[in-house]
Amino acid sequence: MNTFRSLSRNGLIRLTRAPYSTNTTAVRSFTLLDGTSIPWIGWGNGTGSAQHSAVEYGRLALESGIRQIDTAQIYFNEKATGEAIQRSPVSRDDVYVTSKRRFSRR
Amino acid sequence: MTQGPPLTLPCIVSTAEFDDPIALKDVVDSIQGSLDNLGFIPDLYLIHYPFVVKKGELKALWKIFEELKDQGKLKSIGVSNFRPQDLEAVLDGAKYKPVVNQVCYSVHFRIFFQFSQIEYHPYTLAHLKPVLDIQAKHGIVTQSYSVLAPLIRHPTGGPLKPILERIAERISNSYGEKIDANTVLMLWVRAQGVVVVTTSGNPDRIKNLGKIAILPDLLTKEEIEEITAVGKTIHYRNFVSLFRLSSKRIFFK
């Protein structure tokens, strides 16, 4: 329901129109080898090196209807990404989260 | 026109200098650091690039990923910035194949990533073919960064720009909603079966992403083929032009 609320709040549901009316409120996904699925488009939360922008822009992207968010150890914003989801109107279960690790001492 | 730079650029030296791989026994604790930071298990966890462990240890690192998945400590597992030989190394006898290879692009790590840098946009298609062929064979999905590079970073946008703008105009007229060249490019990537990871520092653009996310297929088959064909004629990667401008300035940024 959170998803629906945020979509309608942002006027996104208006996009439903002929001849493109087939389920336009859902973000299409690709199926992965292990049977899980990933939304076709995601937000790269690594642009803003500032923690603030990672929380704020991440939240903004989720609020707009994006359902995948990407972070990494070397972006120093895994914490901020968790916080962006918490502050967004979307529940954790409705967001696809990717992180990556560099495994270096430096 | 030209093939991409061979994968033997001297920048592997800078990579080696920058990275100080941890011992394999410390990997599990290191991953726990990510989970603690996030506050949950991410849906997908990746090896960020192939030089994260000592030469020859990639397979052992992947085994640790597989074990953590079996233990329920990780969910989906994959790789990033992997070249054909790196993929072959982890695929050999793997219990789980990497579900994605994220071809990643980050401004701050441009120089020491340049050796392994994989970008997915039409101007890199010829260069990427070997790695994409392996991924297709195994069903590994490509997750891509830097999709908009041809438009944003190329000095002129190259020969694709007018084509993308023409398609954008056609769609805007028939769809009744303003669609720009960037969006056309993202829809082209989706049509290739590739996941787009995009970003922006512009709040208005960010607010518009949700609309792009739910767009139907708007490109014709001919338009998709045209973008692919023109993209293949040019090899262009961000780091190359910047490197030529001034490697030092970028390096210490």
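Predicted model: local features only at pLDDT ≥ 70, side-chain atom pairs only at ≥ 80, totals over all residues.
Me: How many bridges pair strand β4 (residues 68–70) of chain A with strand β5 (residues 96–101) of chain A?

Reply: Residues are numbered from 1 along each chain as its sequence is written, while chains are lettered from A and ligands numbered from 1 in the order in which they are written. Strands are DSSP runs of E with at least two residues, helices are runs of H or I with at least four, and both are numbered from the N terminus. β4(A) and β5(A) run in the parallel sense, and pairing takes at least two DSSP bridges; here the count is three.

Me: Which residue of β5(A) stands opposite A:D70?

Reply: Let's stay with β4(A) and β5(A), which pair in the parallel sense. The residue facing A:D70 is A:T98.

Me: Which strand of chain A is joined to β5(B) by three bridges?

Reply: Here the pairing goes from chain A to chain B, and the two strands run parallel.

Me: How many strands close into a barrel?

Reply: Follow the order around: β3(A)-β4(A)-β5(A)-β1(B)-β2(B)-β3(B)-β4(B)-β5(B), with parallel pairing. From one strand to the next, the twist averages 25°. The number of strands in the barrel is eight.

Me: Which element gives the most residues to the side of chain B that touches chain A?

Reply: In total, 53 residues of chain B are in contact (C-beta atoms, placed from the backbone, within 7 Å) with 48 residues of chain A. Among the elements giving two or more residues to that side of chain B are β1 (44–47), β2 (76–80) and α10 (203–213) of chain B. Sorted by type, the side has 31 nonpolar, 15 polar and seven charged residues (Ala, Val, Leu, Ile, Met, Phe, Trp, Tyr, Cys and Pro are nonpolar, Asp, Glu, Lys and Arg charged, the others, Gly among them, polar). With nine residues, the top contributor is α10(B).

Me: At what angle do helix α3 (residues 78–87) of chain A and helix α2 (residues 27–38) of chain B pack?

Reply: Their axes are 7 Å apart; axes are lines fitted to C-alpha atoms, for helices over the stretch in contact, and angles run from 0 to 180 degrees between N-to-C directions. A:E78, A:K79, A:T81 and A:G82 of α3(A) meet B:S34, B:N37 and B:L38 of α2(B), which split into one nonpolar, four polar and two charged. The angle is about 35°.

Me: Why do α3(B) and α4(B) count as oblique to each other?

Reply: Under 35 degrees counts as roughly parallel, over 145 as roughly antiparallel, 65 to 115 as roughly perpendicular, and the rest as oblique. B:L58, B:K59 and B:W62 in α3(B) meet B:D86, B:A89 and B:V90 in α4(B). The two helices are oblique because their angle is about 55°.

Me: Which way do α8(B) and α11(B) lie: roughly parallel or roughly antiparallel?

Reply: Helix α8 (residues 160–175) and helix α11 (residues 221–232) of chain B pack at about 170°, with their axes 10 Å apart. The residues making the contact include B:L160, B:I163 and B:I167 of α8(B), and overall they divide into five nonpolar, one polar and two charged. Given that angle, the two are therefore roughly antiparallel.

Me: What ipTM does the predictor give the complex?

Reply: First, the chains: chain A averages a pLDDT of 78, and the mean for chain B is 78. Some stretches score under 50, including residues 11–24 of chain A and residues 1–18 of chain B. For the complex, the pTM is 0.80 and the ipTM is 0.81.

Methods: Contact = placed C-beta atoms within 7 Å. pLDDT = per-residue confidence, 0-100.
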